[in-house]
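Hi,

Here is the structure I promised to pass on.

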Amino acid sequence: MNDAARKIANSNPAEPHYREAPNNVEAEQALLGAILVNNDAYYRVSDFLKPPHFHEPLHRKIFEVAGDIIRMGRTANPVTIKTHLPADSKVGDLTVAQYLARLAAEAVSIINAEDYGRTIYDLALRRALITIGEDVVNIAYDAPLDMPPQTQIEDTERRLFELAENGRYDGGFQSFNDAVSLAIDMAGAAFERDGSLSGISTGIHSLDARMGGLQRSDLIVLAGRPGMGKTSLATNIAYNIAAAYESEVQADGSMSAKNGGVVGFYSLEMSSEQLATRIISEQTEVSSSKIRRGDITEADFEKLVACSQMMQKVPLYIDQTGGISIAQLAARARRLKRQRGLDCLVVDYIQLMTGSGKSSDNRVQEITQITTGLKALGKELNVPIIALSQLSRQVESREDKRPQLSDLRESGSIEQDADVVLFVFREEYYVKNSEPRDPHDPKYAEWEALFDKVKGTADVIIAKQRHGPTGTVKLAFQSEFTRFADLADPSFSQYEEH
């Protein structure tokens, strides 16, 4: 009869059965014994292992006291530790001093110290998972008024994501030598990546040259007045990143982007069909208005079908929920990263979002909460976030219509929280609206010359950039295809300045 069968046979049916929380007291004892024998064992686990990770309360206290003594530059052993522990405590028939002496006596070596530490840490994560699960069940049964089901789901996803992100053995200080190696590795990755960029390429080379691509954890605010094409530019960039996606397998078996990336697009203003129509128009060079009206030739239709088949493989995910809150957006972004991966996030646009708190009566505070939340989310997920923003109407009242940082609408926090602020400005839009009614007017020829000069062009003004220069990048823009591109692109040679 094996041990498991013997336990079943010898069990008393009258005794209550219960499940014990996952733990391994023997691993805890082995690790503490190794530390008491050789304090170097402490440094092998101290980066990721903390006192609360121990299941046995006495072991937590021993590890905490040992750590304090070692960090003070003194030796932690049974003699120095016992004075900091309750003398009258008992471990079975042993006093604390006797228990410490036995831990040290039974320790073999420190070779397996890190393995013991990881075992203890993993069991602590499992206990944390059980706690989260119990909280979900209990709160769902209680149904408190201040926590509706949707809020509970968002809170649970946040706790699970934090556990998943914190449940790693990496982190802590690095030596300068390690930091240099990491910097060289990043430089090597940039050298191998298309365009030799430190960040993710936007697919627009002149913009990449100024920004070095989109940097991870950055909040990039893309702003402009209606009609300037900010949604078109964001859509172009999102599709370029997704279309360039190439994955590679990491050492731990996970996938990461070698080029391009997986893109999440929150379209609070347009439906997913409208967004897809814009992308198809840009890729096929068939006017989006003709696509909507069905005013297309058979050749155009064949191009649309071929394009749609190619686009089915592109990792671009669209969420068209209107009026989404920052908490909902964060929960869905975490879910997307966990299930599909995530390398870039686009939000169109900030003013259509709602805050998560009770500050909805104060719009400035609500926008502050949204931008702060987006910045925190970018750091948490380690992805660049492109957030679109409206500009105030005061732009229209000025003679010079070029936007400034002070034009950002409703809150200075947008400028404060953003790592990069881009303005889209199309002088063509304003010049076209100022056309003289009389073609025989002497000013008409002057207007016509100016219109020919600015037609089909757009300026992307880099008004703020924490890690690089500001300035203006001139691009080509074809409004019928809602497409931005470099002026040097052969498709836009008619717009090059000579």
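The largest nonpolar core has 76 residues, a core being a set of buried Ala, Val, Leu, Ile, Met, Phe, Trp, Tyr and Cys residues joined through side-chain atoms within 4.5 Å. Helix α11 (residues 230-243) gives the largest share of this core, 7 residues. Leu214, Leu329, Leu374 and Ile386 have the most contacts inside the core. Apart from this core lies another, of 32 residues, with Tyr42, Ile62, Ile69 and Leu103 among them.

Before going on: this is a predicted model, where local features need pLDDT of at least 70 and side-chain atom pairs count only at pLDDT 80 or more, while totals for chains, interfaces and linings use all residues. Numbering runs from 1 along each chain as its sequence is written, and side-chain values use heavy atoms, leaving out hydrogens and water.

Now the rings. There are 5 aromatic pairs, counting Phe, Tyr and Trp (its six-membered ring) with centres within 6.5 Å; planes under 30 degrees apart are stacked, over 60 edge-to-face, the rest tilted. Tyr42 and Phe63 sit 5.4 Å apart at 45°, so that pair is tilted. Tyr42 is in helix α3 (residues 40-45) and Phe63 in helix α4 (residues 57-71), so the pair ties together parts 21 residues apart in sequence. Tyr42 is buried at 6% relative accessible area, and Phe63 at 2% (buried is under 20%, exposed over 50%, partly exposed in between; 1.4 Å probe, protein chains only). Ring pairs also link Tyr42, Tyr43, Phe54 and Phe63 into a cluster.

Cheers

Terms used
Helices (H or I, at least four residues) and strands (E, at least two) are DSSP runs, numbered from the N terminus.
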